Each structure stands twice: as structure tokens, then as C-alpha cells.
Amino acid sequence: MLRYVAKRLLFTLPILFVVATCVFQLARVVPGDPALVILGDQANAEALQALRQRMGLDRSLMAQYLSFLWDTVRGDLGLSLSSNRTVWSEISAVLPFTIELTIAATFVGVVLGVPVGVLAALRRNRVADYVTRLLSLAGLSFPAFVSGILLLLAFAVQLRWFPVVSRIVINDPLTRLHNLVLPSINLGLIMAAYVTRVTRSSMLGVLTEDYMRTARAKGLSRRRIVWSHGLRNALIPIVTVVGLYFGTMIGNSVLTEIVFNRPGVGKLILGALQSRDYTLLQGLMIVFAFFVVMVNLCTDLVYGLIDPRVKAR
Amino acid sequence: MSTRTANPMWSALASAFRTNKTSWVGFVMIVLIILAALLAPVLAPADPIEQDILRKLEPPSAESILGTDSFGRDILSRILYGARISLVVGLASILIASLIGGALGVIAGYVGGRVDRLIMGAMDVMLAFPTLLLGLMIVAMIGPSLQNLIIAIALTEIAPFARIARAPTLLLREREFIEAGRALGFSDLRLMFVHILPNIVSDLVVMGTLWMAQAIRTEASLSFIGLGVPPPTATWGSMVREGFEHILDAPWLAVLPSLAILLTVIALNMLGDGLRDAIDPKLRRE
């Protein structure tokens, strides 16, 4: 197992390196002088020069690139242009809220998606299956802000069950949980649509396998056959989708946070865009890409846990 | 042309329409939406960007069927014209992404070896960026405009097309007709793009339908964030954004364009989903 982990870990390093290089490049395709873009054309020459110096733009591109790489490796993402705090302290201040939201949403997505998908597979081509397929197709068509607005209108504005604006009261866990419900249902329902579909098709494949017939012949209970023999073998594609969905989930959580006015990375991005804070955007991209690569790594590691044959390869 | 008509994939697509009701419904919906976009100048009761400050925030009525927004602009007209932006961005970005991604995938699968590893490694890196955030970053850097949105969204969707094109190419390059082509002295380029490509076009079309749904959703999301085609142009995402400010007193402002986005994305997903079932050999066998 340890060798497998080490091998997978080693494989992510070049990806992270290229990701960092891309982000560096991307942040420098701004047409014209970034200092001029940030300060506007009314800025005087001294202010422009000072900013260029602070951003290190007066050095050669290669020197900028090398120091950027070195800083990134050390976890130093630079200073935010708009707040003068470090990019990492800006991000880490709101990251827990976003992580809290994505974990809650993943919980909703898996707890709802897996059983519904299994049931749809068992009732193949019957009414329950058609309804599930139609609903999941509709579910994965929702842009996160559209579903968010509809949920907000129904449950916060009309029924008044939830606050229209999520307030995070750190000291009061109940209020905090209450504020988390609607946003995490919004994110979780969309994820459940994906999970349902892949669970259904993966289970359909497994149900026709010989070992399932053997299990039936052995006289095992239907519940045991479906949930322990069937689902366990159908798990790899499900884990893949949960892992791959993470990238989409990040985008959706940004939209969800904006709609529900929740503190988190989404509002940080919005602020960075409005104040043209390119170092903050650059830092956010690196942090997100790092998370995506790490989640993919974890997905690979989970394969090894589910299916011992994967490790051997 | 003969390689195309002989392709069982195309007849499978045709039979999908005959048997799969979902793809039919999706197809009819998307045709209606395209017609609405094309006929916007005829159908729209008012100019989509003409403001009438005396008639602002009117609820749906006989005068304006879907009401007016905070600048007194007719919402139905803006939704009809907004369809043009969504469809143009969706279609153009998918065309670019499928051309570039498809070509990269065919080259990777056909040539193999180091070229394959290089191309697919680059695609893995692109997949490490969350789609919406990559689009957001690119648009933030090069500025929001129709053309830049198309470029940004196309860039985020090259990698999936490369993957889709590569897998069947790996199988096709071992087939006799490619062997025969090689024996006849055809160039690699000709084998790749005249003989292999037509055989995977149907896969690309099906995935293109599904990814166009994704592209339209990304465009709407970017517009909602404020990185869409700049105002006063009507786009669905920016209409939701403007309407969201009046969510308490005039909820229809945000809901109506939201439904327009949702229906378009659902239509494309229904169409693409049915078509994919039809060409997936695993599902066809069942």
C-alpha cells in the first residue's frame, strides 16, 4: 500500500508544477501593463513604478517565474493587491466555510444519490426508474445559481423556514447548522443527480454478473446480495464520479455562496474580480487546482481500498 | 461521404430518434428555442435595450406579457434576444473545442507513444482546473466580450473532447481498412482525418450536444457573476443577476430568465442523453 501511495504521490508532482506554470502564464496575458490595469489610467508615474516594484514586474520574466515557483513551493502565495494581507491569510480565513459547505453537500449527494440509483437499477424500465432518470437529468441541468434562487424563493422568502441571508454565528452551532441547510441542499441535490445516474448504470452492469447469480443460488437474502455483493462491486465508478465531480462542485459552491450570501471562497473571488486583485485570483487558482489534484489522488487511493487488484497494478 | 453512410453509428443515431422519446422531446424543444432566437426581431414585442423609466418593475400584464425590469425594458423581448447570446456562445465554443480537442485526441491515439503521453498529460493538467474558475480567470484576464467568452469556454472544454476522440482512435487504428490505407501508401494525415475522423464524428456530435449544455450553463454562470457580455446586451445570466437584486419585490425578474436557461440546458441534455444511449455499444446490447 505504501509503495502505491508513494507512486501516486510522485505522479502528482509534475502536474502541480505545470499547473503553477500555467497560472503564472495566465496571470500575465493581461494586455498592457498590469500596474496600469490595476491602478487605472489616472494613476501617476510614481505610484505605477512603486506597484511594479512591489509586484516584481521590474525584473525579468524568468526571474519573476523562478521566484514565483519558489514562493509557491514554500506555500507563499504573495500579497493581496487590494488588502495588503497575504493571499493565504485571505483564503484561509474563508476556506473553512467553503469546506464545511462542500462536505455537507457531498454527504447529501451520496446519501441521496446512491440508494436512489440502486433502487432505479433494481426497478429497471419501470415507473420508478423512469421518474428517477427524468429527475436526475433535470437535476444535473440546473446551474447552481438557478436552483439556489428557486430554493431561496420557496423556503426562505415564501415559507420563511430559513434566513434569506445566511449569517454565520460561530458561537452558536445550531444557528450555523440552520444556515448551512439550504446551501448544502442546493449543492447536494445537483451532485445527487450525477451520483444517481452513475450508481444506476454501474449497478445495472453488476446485476448481470455471474457471481450475483451464484449469490442468489447460495440462497443469500436479496438485501445482502444487492447491498453487499452488488454495491461493493459497483463502487469504483461511483467513487470516480464523486472525485471528478469535485471540480464542478467548486464552481457550483462559488455560485451557491453568492446566491445565499454566505461567507466563503465564492465571495472572495467576487471581491477579487471587482478590485482586480490578480495575485489573489492567481493564489485562488493554485489552491483550487491543488485541491482538485489532491482529491483525484485520494480517489485513486480509495480504488486501492475498494479493490485490492488495483494496488497490484 | 461513403465512409459516413456506411457507418453503423449514423443509422444508430437515426434509430435513436425513432425509438427514444426523450431525445425527441429534447430535439423539438431545442428547435423551438433556436427558432425563437432566430425570429427574435419578429417575435419580440419591444426593443430589448430600450428603457422606459415610467414603466419599470411592472409585473406580467396584457401590455407586457412577462413584465418589465428595473429599467422598464420588456422582459419577453430580452429573453428572446438573450437566447441568441446563449446559443451563439454554446455553439461556437463547442465547435472550437471539438475541432481542437478532436484533432488532438485523434493524433494522440493514432501516433501513440511519446506524443500520446505529452498530449494527454497536457489534457490532465487542463482538467485540474475547475471549469467555471478557469473560464472566470481567463475572462477576468482578457476582458468580458462575446468573442472572449467563446474563447474562454472553448479552452475549458478541449480536454474532454480529446479524451472522447482518443479512445475510439486507439481501436480504429488497428482495423484492416487503416492497414489497407497504409499499404496503399496513404499519408498519416490522410488516414487520421479522412479515414478515422468520420468514424468518430458521431461520438463527437453526441458529446458535443451534452457539452453544449455545459457551455451554456458556464456562459450563464459567468454572466451571473458579472463576467458576461457587457450591458446593455440582454443575456440570460445577467438578467438573473439584475433580477436577483429585486428578489423580494419582483421575483419574476430572476425566475423567468432562470427558467429560460434551465429549459435550454435540459433540452440539450435530453437530446444528447438519448443519442448517447443509442451509440453506446454496451447499452445497445442490453
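Let us start with helix H7 of chain B, residues 131–142: at 1.5 Å a residue, its 12 residues should span 16 Å, and the end C-alpha atoms lie 17 Å apart, which agrees. The expected span here is 1.5 Å times one less than the number of residues, and helices are DSSP runs (H or I, at least four residues) numbered from the N terminus. This is a predicted model, in which local features need pLDDT of at least 70 and side-chain atom pairs count only at pLDDT 80 or more, while totals for chains, interfaces and linings use all residues. Residues are numbered from 1 along each chain as its sequence is written, chains are lettered from A and ligands numbered from 1 in the order in which they are written, and side-chain values use heavy atoms, with hydrogens and water left out.

How many of the 12 residues of H7(B) are buried? The number is 11, so this helix is largely enclosed by the rest of the structure. Buried means under 20% relative accessible area, exposed means over 50%, and partly exposed is in between (1.4 Å probe, protein chains only). Among the buried residues are B:Thr131, B:Gly135 and B:Met141. The buried residues of H7(B) pack against both chains: helices H1 (2–26), H10 (222–259), H11 (265–274) and H12 (278–306) of chain A, and helices H8 (146–156) and H11 (188–225) of chain B. Just after H7(B) comes B:Gly143, with a positive phi of about 90°.

## Backbone details in the loops

Two residues of chain A have a positive phi although they are not glycines. A:Asn125, with phi of about 60°, sits in the loop between helix H5 (87–122) and helix H6 (127–139) of chain A. Its relative accessibility is 44%, so A:Asn125 counts as partly exposed. A:Arg160 has phi of about 55° and belongs to the loop between helix H7 (144–158) and helix H8 (173–207) of chain A. At 68% relative accessibility, A:Arg160 counts as exposed.

In chain B, a cis peptide bond joins B:Pro231 and B:Pro232, with omega of about 10°. B:Pro232 lies in the loop between H11 and helix H12 (236–244) of chain B.

## A buried arginine and its network

Is B:Arg78 buried or exposed? With 0% relative accessibility, B:Arg78 counts as buried. This arginine is part of helix H5 (residues 75–111) of chain B.

B:Arg73 and B:Asp69 meet through their side chains in a salt bridge of 3.0 Å, N to O. A salt bridge is a side-chain nitrogen of Lys or Arg within 4 Å of a carboxyl oxygen of Asp or Glu. B:Arg73 is buried at 3% relative accessible area, and B:Asp69 is buried at 7%. Salt bridges that share partners join B:Asp69, B:Arg73, B:Arg78 and B:Glu242 into one network.

## Salt bridges across the model

Over all chains, there are 15 salt bridges. One of them pairs A:Glu100 with A:Arg176 at 2.7 Å, N to O. This pair links distant parts of the chain: A:Glu100 is in helix H5 of chain A and A:Arg176 is in helix H8 of chain A, 76 residues apart. Both A:Glu100 and A:Arg176 are buried.

Another salt bridge joins B:Asp273 and A:Arg197 at 2.6 Å, N to O. Here the pair crosses between chains, from helix H13 (residues 252–279) of chain B to helix H8 of chain A. B:Asp273 is buried, with a relative accessible area of 14%, whereas A:Arg197 counts as partly exposed at 23%.

## Aromatic rings

Eight aromatic pairs are counted over all chains. Rings of Phe, Tyr and Trp (its six-membered ring) pair if their centres lie within 6.5 Å; planes under 30 degrees apart count as stacked, over 60 as edge-to-face and the rest as tilted. A:Phe155 and A:Trp161 form a tilted pair, 5.6 Å centre to centre with 40° between the planes. B:Trp24 and B:Phe27 form an edge-to-face pair, at 5.8 Å and 80°. These two are three residues apart in helix H3 (residues 21–38) of chain B, so about one helical turn separates B:Trp24 and B:Phe27.

How values were computed. Contact = heavy atoms within 4.5 Å.
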